[in-house]
Each structure stands twice: as C-alpha cells, then as structure tokens.
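User: I'd like to go through this fold with you. Can you start with the strands and then move on to the rest?

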Amino acid sequence: MLPDHLQESLQELNIEVPTCRSILLVDDEPENLDVLAALLEETYEVATAADGADALEVINSLGGVDLIIADQRMPRMTGVELLSHVASKYPETIRIVLTAYSD
C-alpha cells in the first residue's frame, strides 16, 4: 500500500496504481526469501519458490499472482526467462527482476 499523500498525488496525475494482494518471491538463496517474505507477509499474501521451474508450478497452482519478484541468476532458469514465460500466460502480472550483478 502506498502512503496516502503518494496515492493522492498519483490520482491528481491520473496515474492508476495496480492493486497488489499476492506476491511470489523467487530466489535460490533461502536467506533472501526469508528476509523478503518477512518484510511483506504482514501486508500481502506471499508465496516463495527456489527457482524458475518451481515458480511456474506455484503460479499455475494459484491461478496467477499479482506480482513476481525474481532473482536473475538461478539454476534451471534465469529470472528473465521465468518472467518471459509468465508474461505470455499472465500478462497482467507485475514482474520485477532483482540481481546483485551489473552484467
């Protein structure tokens, strides 16, 4: 949720902010999943997956999610590959890639 003053400013500019209720976190580092989930689970329904293939299974079992935050470097499938698959089946899903690498 956005603070009221930000929400009001966006409304004045006629910018619609999508409502987000469910988030899928995808990372092969369990510590990263734990930290992000702890930050978000009080406000959102949070699911996690350890790699892209597992993430696709989670998304399909849930019938989609509102937001996916995926690490780029993971085994079996990169974050960009995962989000490309998701975009074709669930185009309304907001997709974000996180990475610690500059390349």
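Analyst: β1 and β2 pair in parallel over five bridges; strands are DSSP runs of E, at least two residues, and helices runs of H or I, at least four, numbered from the N terminus. Two strands count as paired if DSSP finds at least two bridges between them. This is a predicted model, where local features need pLDDT of at least 70 and side-chain atom pairs pLDDT 80 or more, while totals for chains, interfaces and linings use all residues. Residues are numbered from 1 along each chain as its sequence is written, and side-chain values use heavy atoms, without hydrogens and water.

User: What stands opposite leucine 24?

Analyst: Alanine 47, in β2.

User: And what is the strand order in the sheet?

Analyst: The order is β2-β1-β3-β4, an open sheet of four strands with parallel pairing. β2 (45-49) and β4 (94-98) are the edge strands, each pairing on one side only.

User: New topic. Is serine 22 buried or exposed?

Analyst: Buried, with a relative accessible area of 14%; buried means under 20%, exposed over 50%, partly exposed in between (1.4 Å probe, protein chains only). Serine 22 lies in β1 (residues 22-26).

User: Which residues is serine 22 in contact with?

Analyst: Leaving aside neighbours within four places in sequence, Glu45, Val65, Asp66 and Leu67; contact means heavy atoms within 4.5 Å.

User: What does the side chain of serine 22 reach?

Analyst: The side chain of serine 22 reaches the backbone nitrogen of aspartate 66, at 3.0 Å.

Key:
Polar contact = N/O pair within 3.5 Å; in protein donor to acceptor, adjacent residues only side chain to side chain.
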